[in-house]
Amino acid sequence: MFPDPAALLPDLNFASSEDLLRSLQEFDISKVVTVLKTLGEAAAAANVQLNAPPLFAPGPPPPPPPPVQQQPVRSDAILGRPPKQPQQKKSRGVGPALADGPPAPLQHDNPEHAHMLANVWMNASKLAELVKTEGLVYKKGKFSSLEDAQLNAAIERYRVSKGLSQADLDQIIFSNKLGKEKGHESFWSEITSALHLRPIIAVYHHVRRARHPFAGKGAWTKTEDDLLLQCVQNMGQQWEKISDVVQRTAADCRDRYRNHLQDRDVRRVGAWTKEEEEELTRIVTEMTVEQGKDIDNDIFWGVVSKRMGGKRGRQQCRIKWTDSLAPQLKNTGERPRWSAMDAYILVHKVDSLNVRDDTEIDWKLLPDENWNVWSAHSLQRRWLTMKRSIKGFEEMSHAEIMEILKTKKAQSPPPSSAGRKKKGKFTSAEAVNDGEEGDAQPEAGSSSGPGTMAGSGS
């Protein structure tokens, strides 16, 4: 009575997974949704059960794991001060007023959106469009240690339930058909459903990176750099094809080229000139403040580097902005210095999150209206510096590290001038990796010991 929606899709062959992803991402999802909705309404009106197989998934996903508490305590509450009314600070000569408040926390109450994220292949532009038009909420950035554990468990459950060997599983993961081999059409949807608010395409790239045989090969050699440059010249930026030649993951090849090799004939190193700092400030404010975006988190550094003529790389621009120029801009032109009071507030904020591991922290949510000089990247690196000051931290759980830092840094509020005379060792920006999607926030790093949620007793 009703046509088979799956029959509408031709049986196409693709040379690589990049070609297939591109085709899926260019597919007009809205038309499919409209057709399926019409079929469902017609079936309901005729009191007929619609047995056509769903286009993207075999059925609704299982309930996602509960989200970790991501509501940090406010700085005024930490210091025992009455809350102040939110206000805007006017920038000095760089455009409209700067918003003080942190990004709003994620909402978690739309099962239809969760099902869409786990089943529909959408690129960044389509996700951004749905954020604006449909109020879609999804998670970006590095995968936490908890998410990795959930993914690994979901993958192992799938392997066991299907009676697959490890070689069979690897064939599905690294196939150019996105798991579309007969009998395994639902693989990526099933494992994505084990996570909370992660798009299927992000899970696809993350799993392939983490399990790739070329992962974790260490420092690049000059021979590898030369080979990578030759491949880019011959193939363009087809990173999966280049990966097979260079014997590095596609993501490693992409990041090595963009961060270190691209435009290296004109790339500058060393101290920034005053003119470069002014140019970077102008470019970033044009891309963010003048468009009503956040000066810490809504920046595409590859675009910034390109607008600077490639003289400074995307990583150089990010580090200069987050470590130096943005804090100075938000501090009425004065360069701020990290103090014992800042450390006190940071420890209390991290403790209030009640996370099982610091890889679960959304660092963008830590600043508030009264404590907003430091960017998410800066707060993350300050946390790393404090954590690494503890002897044997590698073998400790997050809860154990938290108790030590509360004793060392957060017993009582220090005087406002404390901690400004001695300059301690600080984790470098280069020591913190970029996010999964290139410009997302980096990973905090975790203890190797078991993570423990405070009060869980486990």
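A residue counts as buried when its relative accessible area is under 20%, and this cut-off is used in the views of a predicted model that follow.

View 1. A disulfide is a covalent bond between the sulfur atoms of two cysteines.

**View 2. Helix α13 against helix α15.** Two packed helices are described by the angle between their axes and the distance between the axes. Here the axes of α13, residues 274-287, and α15, residues 314-330, come within 11 Å and cross at roughly 95°, and the two helices are therefore roughly perpendicular to each other. From α13, the residues Glu-277, Leu-280, Thr-281 and Val-284 meet Cys-317, Lys-320, Trp-321 and Leu-325 of α15. Sorted by class, this contact of α13 with α15 has five nonpolar residues, one polar residue and two charged residues.

**View 3. Helix α6 against helix α9.** The axes of α6, which spans residues 145-162, and α9, which spans residues 200-210, come within 12 Å and cross at roughly 85°. With that angle lying between 65 and 115 degrees, α6 and α9 are therefore roughly perpendicular to each other. Asp-148, Leu-151 and Ile-155 in α6 meet Val-203, His-206 and Val-207 in α9, and by class the contact of α6 with α9 has four nonpolar residues, one polar residue and one charged residue.

**View 4. The largest nonpolar core and another core apart from it.** The largest nonpolar core holds 29 residues, of which Leu-346, Val-350, Trp-363, Leu-366, Leu-379 and Trp-383 touch the most other members. At least two residues of this core are supplied by each of the helices α16 (340-353), α17 (376-388) and α18 (398-409), and α16 gives the most, with eight residues. Another core, of 21 residues, lies apart from the largest one, and among its members are Ala-154, Trp-188, Ile-191 and Tyr-204.

Technical notes:
Residues are numbered from 1 along each chain as its sequence is written. This is a predicted model: local features need pLDDT of at least 70, side-chain atom pairs count only at pLDDT 80 or more; totals for chains, interfaces and linings use all residues. Side-chain values use heavy atoms; hydrogens and water are left out. Axes are lines fitted to C-alpha atoms, for helices over the stretch in contact, and angles run from 0 to 180 degrees between N-to-C directions. Helices (H or I, at least four residues) and strands (E, at least two) are DSSP runs, numbered from the N terminus. Angles under 35 degrees count as roughly parallel, over 145 as roughly antiparallel, 65 to 115 as roughly perpendicular and the rest as oblique. Contact means heavy atoms within 4.5 Å. Ala, Val, Leu, Ile, Met, Phe, Trp, Tyr, Cys and Pro count as nonpolar, Asp, Glu, Lys and Arg as charged, and the others, Gly among them, as polar. A nonpolar core is a set of buried Ala, Val, Leu, Ile, Met, Phe, Trp, Tyr and Cys residues joined through side-chain atoms within 4.5 Å. Buried means under 20% relative accessible area, exposed over 50%, partly exposed in between (1.4 Å probe, protein chains only).
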